[in-house]
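Q: Could we go through the packing and the side-chain pairings of this model together?

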Amino acid sequence: VELYRAWQQDHADGSTALVGHTGMGKSTLLAQLESHLGEPVLRHAVPTKLARPARVVSFLSELFGFSPKPSSEKELIRMIRKDPHKVVALDNCHNFFLRQVGGFEGWDTFLRVVNETCDQTFWYLAFNEPAWDFLENVSGRLITFRRVVRMRPWSERQIRRLIMRRMHRALYRTSFSDLVVAQVKEVDFTNELGRTSKGYFRVLWDYTGGNPLLACHFWLDSLVPHREHRLVQVHLFTEPDIARLEALDDDILFTLTAIPEHETLTPAQVSRVTNLPLDLCSFACRYCLEGGLLARHQESGRLRLSLRWQETVIRYLKRKYLLH
């Protein structure tokens with residue numbers, strides 16, 4: 001909000017990139033912009049891979065509701081500069097590129113449009129973090145958005161409050177008694193439970209890196225039904241077995257690497273960005289999907305890292321120098 005208020009004064013620095021992993025709240029933040037700013041926001045998500053200039057021009061034309069559509073990038077820029085919409089919020093902006101020869105032409109078009117209009121229109125643009133890191137690397141860290149805001153991890157206290165508030169709304173009670181290793185004489189059991197619950201949330205926060213969506217996922221993995229109605233016991237969640245990643249051959253690892261670099265891909269797109277045969281990529285994607293490493297994106301149906309494996313896979317690929 002402060003960035004937009006400052007832009008209203010001098011119409012400078014009118015593009016902001018929001019960068020974060022899946023589950024860090026980028027989409028939620030964009031959805032709340034209109035209420036925070038107190039004025040209309042033209043909000044949309046880039047629905048599919050738009051790596052060609054003509055497709056980028058067509059998408060942005062439909063976003064602004066231009067009719068007839070502009071026939072060129074220059075005409076699109078001219079029309080946006082005259083458009084009354086002052087704030088645009090775009091999610092999934094990493095969909096403007098594919099890591100292949102010619103796959104950055106749409107990305108370059110999008111950059112030019114934003115930079116040629118950001119004195120008249122304020123752009124909020126959300127990116128998945130591994131894809132953003134890849135774009136920064138290939139561009140020599142010269143991506144020309146005026147400001148980059150990386151989503152900060154939630155604190156341990158915020159994660160705990162979120163989870164317990166949701167449990168309260170669901171009318172469920174929780175017990176950490178199964179996690180108490182041993183009851184020591186003359187030590188109050190209630191105090192011991194309190195220390196145990198704090199220890200659990202510390203482990204949960206550390207393992208998920210303060211990502212609220214991942215924390216909720218592994219919290220649910222920790223719950224065991226109790227015989228008492230609407231009471232659940234909290235156990236330690238099970239971590240993904242990294243030995244499964246160590247056992248993968250190189251072709252499957254290359255396939256797996258391509259997906260977080262783009263957040264979501266189809267097997268055909270994986271084949272194009274890895275230069276591997278389509279049959280091999282289809283098999284690798286199906287193998288990882290059946291093994292739980294990948295999941296289908298709820299809206300697009302494309303493949304993405306599963307929530308359970310997201311942090312483990314990204315850390316492993318970075319350690320192997322496959323991800324930037």
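This is a predicted model: local features need pLDDT of at least 70, side-chain atom pairs count only at pLDDT 80 or more; totals for chains, interfaces and linings use all residues.

Q: How many residues does the largest nonpolar core have?
A: The largest nonpolar core has 35 residues, and those with the most contacts inside it are Leu90, Phe110, Trp123, Phe127 and Phe145. A nonpolar core here is a set of buried Ala, Val, Leu, Ile, Met, Phe, Trp, Tyr and Cys residues joined through side-chain atoms within 4.5 Å. Buried means under 20% relative accessible area, exposed over 50%, and partly exposed in between (1.4 Å probe, protein chains only).

Q: Which elements give two or more residues to this core?
A: They are β1 (15-20), α4 (53-64), α5 (73-82), β3 (87-91), α6 (105-117), β4 (122-128) and α7 (129-138). The helix α4 gives the most, with 6 residues. Helices (H or I, at least four residues) and strands (E, at least two) are DSSP runs, numbered from the N terminus.

Q: What is Leu90 in contact with, leaving aside its neighbours within four places in sequence?
A: Leu90 is in contact with Leu30, His44, Val46, Phe59, Leu60, Leu63, Phe110, Trp123, Tyr124, Leu125 and Ala126. Contact means heavy atoms within 4.5 Å.

Q: And what does the second, separate core include?
A: That core of 27 residues includes Ala51, Ile252, Val270 and Leu305.

Q: Changing topic: how many aromatic pairs does a search of the whole structure find?
A: The search finds 29 aromatic pairs. Rings of Phe, Tyr and Trp (its six-membered ring) pair if their centres lie within 6.5 Å; planes under 30 degrees apart count as stacked, over 60 as edge-to-face and the rest as tilted.

Q: Why is the pair of Trp107 and Phe110 called tilted?
A: The ring centres of Trp107 and Phe110 are 6.2 Å apart and the planes are at 40°, so the pair is tilted. Both residues lie in helix α6, 3 residues apart, about one turn of the helix, and both Trp107 and Phe110 are buried.

Q: What about Phe110 and Trp123?
A: Phe110 and Trp123 form an edge-to-face pair, with 6.4 Å centre to centre and 90° between the planes. Phe110 lies in helix α6 and Trp123 in strand β4, so the pair ties together parts that are 13 residues apart in sequence. Both Phe110 and Trp123 are buried.

Q: Which residues do ring pairs link into a cluster?
A: The cluster consists of Phe59, Phe64, Phe66, Phe96, Trp107, Phe110, Trp123, Phe127, Trp132 and Phe145.

Q: Now α5: which residues are buried there?
A: In α5, Glu73, Leu76, Ile77, Met79 and Ile80 are buried. They cover an arc of only 165° around the axis, which puts them on the same side of α5; the arc is that of the directions from the helix axis to the C-beta atoms. The buried residues of α5 pack against α4, α6 and β4, and the face turned away from the buried side carries the exposed residues Lys74 and Lys82.

Q: Which residue forms a salt bridge with Glu73?
A: Glu73 pairs with Arg112, the closest N and O atoms being 2.8 Å apart. This pair links distant parts of the chain, with Glu73 in helix α5 and Arg112 in helix α6, 39 residues apart. A salt bridge is a side-chain nitrogen of Lys or Arg within 4 Å of a carboxyl oxygen of Asp or Glu.

Q: How many salt bridges does the structure hold?
A: The structure holds 14 salt bridges. One of them joins Glu105 to Arg52, with the closest N and O atoms 3.6 Å apart. Glu105 is in helix α6 and Arg52 in the loop between β2 (42-45) and α4, 53 residues apart.

Q: Which residues are linked with Arg150 in a network of salt bridges?
A: Glu129, Asp133 and Glu136 are linked with Arg150 in that network. Within it, the closest N and O atoms of Arg150 and Glu129 are 3.8 Å apart.

Key: Residues are numbered from 1 along each chain as its sequence is written. Side-chain values use heavy atoms; hydrogens and water are left out.
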